[in-house]
Amino acid sequence: MPSMRGVPTPVNDIRKKVFSEVAKLSYEYEEGSLSKMEEIPYRIIPGEVSMYRESVFLERAIVKERMRLAMGLPLRTAAEQSPVSTGAEECVKPEKYYQPPLINIIKFACHACPDNEIRITEACQGCLAHPCQEVCPRDAISFKDGRSHIDQSKCIKCGKCMSVCPYGAILRLKRPCAEACGMKAISSDKYGRAEINQNNCVSCGMCLANCPFGAIADKAQIFQTIQAIRSETPVYAAIAPAVAGQFGDKLTPEKIRVAFKKLGFEDAIEVAIGADLCTIEEGEDFLREVPSELPFMATSCCPAWSSMAKKLFPDEAQCISMALTPMVLTGRLIKREHPGCKVAFIGPCAAKKLEASRKSIRSDIDFVLTFEEVKGMFDAKNVDFEQLEEDDAMHGASADGRGFAVSGGVAQAVANYIKENHPEAEEVKMEVAQGLDECRKMLMLAKRGQYDGYLLEGMACPGGCVAGAGTVQPIAKSTAAVKLHKKVSTNQHSHQSDYQDILEELEEDLFSAPKQ
């Protein structure tokens with residue numbers, strides 16, 4: 001389906017303003033000041049005339065719920081009467097974790113879009129042949145006023161009329177959020193509004209990234225992260241490889257470390273270092289276990305993909321790599337070097353929030369923020385990227401580690417590691433899928449034995465991490481920026497990482513704790 005990512009829209013503008021206001025509120029927080037939340041909707045939606053919807057009151061009501069979600073608070077229905085700041089004192093606790101569900105639909109913002117409906121458009125010419133009517137198996141098409149019409153009560157959505165219309169005048173309308181959901185977790189409630197089956201949801205966030213009405217949002221930890229930054233405990237930013245280009249051309253890789261210090265972080269470390277360590281572990285596991293113990297091995301770094309695989313293919317669950325994700329490995333590395341600190345993962349992904357909330361990982365990663373949420377922090381602090389000094393200290397990871405951000409990058413990094421370090425091994429056979437629909441098909445074929453001996457890479461987002469729900473830039477532009485960042489890497493492959501020389505020393509600490 002078409003992607004809106006990177007297109008400036010009113011939906012993105014409102015999200016940006018909400019994140020910025022929540023960040024500003026947290027940076028300026030003093031005991032008792034949360035009542036200022038009541039003022040924010042009037043700054044984001046000023047005046048008396050609505051700009052986007054039928055009522056300025058509805059617009060502000062939606063902003064209020066977006067604010068609550070951005071602060072990690074539960075969503076309210078239109079039937080509840082209470083100030084927007086109700087329960088907000090919970091946000092002051094830096095240790096506050098997400099309360100499920102992570103992905104939420106603001107019901108009174110939902111457009112109740114048509115769900116798989118065949119419609120005749122104005123392009124219909126009322127042609128003499130009327131093949132649409134001739135092929136309809138249920139006599140659902142008739143002609144009125146010189147144009148064809150569909151009786152929706154008879155239509156079975158077969159699409160035969162679409163395939164024969166010489167003008168392409170017949171369209172199938174699908175609910176964008178449901179079409180984007182590879183888990184088929186979205187249906188309709190009794191009012192026709194979107195509804196998420198949380199038992200099926202893997203928190204990939206593709207629904208929120210594709211809702212043109214901005215009715216879907218995930219919870220955030222902006223407020224809690226900033227409160228931790230303002231405390232005496234040092235907070236380190238662990239920044240995902242997909243960061244390349246996310247904040248525009250003026251925030252170059254050489255300025256990223258300085259920029260995050262401006263936000264109050266103690267320092268910034270690239271998660272590509274953890275990707276290098278993950279590559280090495282997955283490479284060794286693949287050689288040891290495939291095909292002697294497992295028919296194939298699938299990569300583990302995308303939490304939405306691995307959750308989908310374990311939900312839908314439980315018999316093949318043991319084939320998902322047990323390697324810790326780059327996020328967790330980097331968090332453990334930081335905490336080993338800086339005992340007592342906190343770590344905030346900064347990345348493109350909504351599902352990473354769910355991963356970090358697992359009890360086995362909470363001690364490694366304290367907060368998860370998306371690039372979009374951090375952009376709100378930069379805006380709140382008025383950070384001018386152009387005026388920042390350059391600092392080349394945030395280096396050390398390999399080009400392969402940085403390539404984890406794009407589809408195919410994980411599998412290629414593992415294959416490169418095996419080729420460089422085990423030249424006697426056979427060439428690694430790989431298959432890559434992006435988007436949960438394609439991932440599902442890949443695992444179905446693997447279950448049938450088509451990929452025996454293969455290394456499989458699954459990415460929930462079409463395009464890889466650069467297409468995550470929390471990204472800011474167009475996918476193609478981000479992909480190009482990642483490739484450019486790879487080119488300037490000092491080291492090419494994961495085993496050449498500056499951290500490789502301490503891998504044996506760290507192995508017990510990094511890899512011995514409970515895994516996914």
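Which residues in the largest nonpolar core touch the most other members? I looked and found F260, F265, I346 and M377, out of 156 residues in that core. For my own reference, a nonpolar core is a set of buried Ala, Val, Leu, Ile, Met, Phe, Trp, Tyr and Cys residues joined through side-chain atoms within 4.5 Å. Buried means under 20% relative accessible area, with a 1.4 Å probe and protein chains only. Another core lies apart from it, with 12 residues, among them C136, I141, C155 and I170. In soluble globular proteins, nonpolar side chains tend to be buried together.

Ground rules, before I go on. I am reading a predicted model, where local features need pLDDT of at least 70 and side-chain atom pairs count only at pLDDT 80 or more, while totals for chains, interfaces and linings use all residues. Residues are numbered from 1 along each chain as its sequence is written, and side-chain values use heavy atoms, with hydrogens and water left out.

Next I picked F265. Setting aside neighbours within four places in sequence, I find F265 in contact (heavy atoms within 4.5 Å) with residues including T225, I229, F260, I346 and M377.

A cavity here is a set of points on a 1 Å grid over the protein atoms alone where a 1.4 Å probe fits but cannot get out, and lining residues have an atom within 4 Å of a point. I get 9 cavities of 30 Å³ or more.

Open spaces came after. A pocket is an open set of points with protein on both sides within 12 Å along at least five of seven lines. The largest pocket has about 570 Å³ of space. I see 25 residues lining the largest pocket, with V7, T9, N12, E372 and V472 nearest its centre. Which helix gives the most to this lining? That is α1, with 6 residues; helices are DSSP runs of H or I, at least four residues long.

Last stop, Q125. I find G146 and Y167 in contact with Q125, leaving aside neighbours within four places in sequence. A polar atom of the Q125 side chain lies 2.9 Å from the backbone oxygen of A123.

Terms used:
Points joined across faces, edges and corners; volume = space filled by probe spheres on them. Helix = DSSP H or I, 4+ residues; strand = E, 2+ residues; numbered from the N terminus. Polar contact = N/O pair within 3.5 Å; in protein donor to acceptor, adjacent residues only side chain to side chain. Buried < 20%, exposed > 50% of the residue type's maximum accessible area, 1.4 Å probe, protein only.
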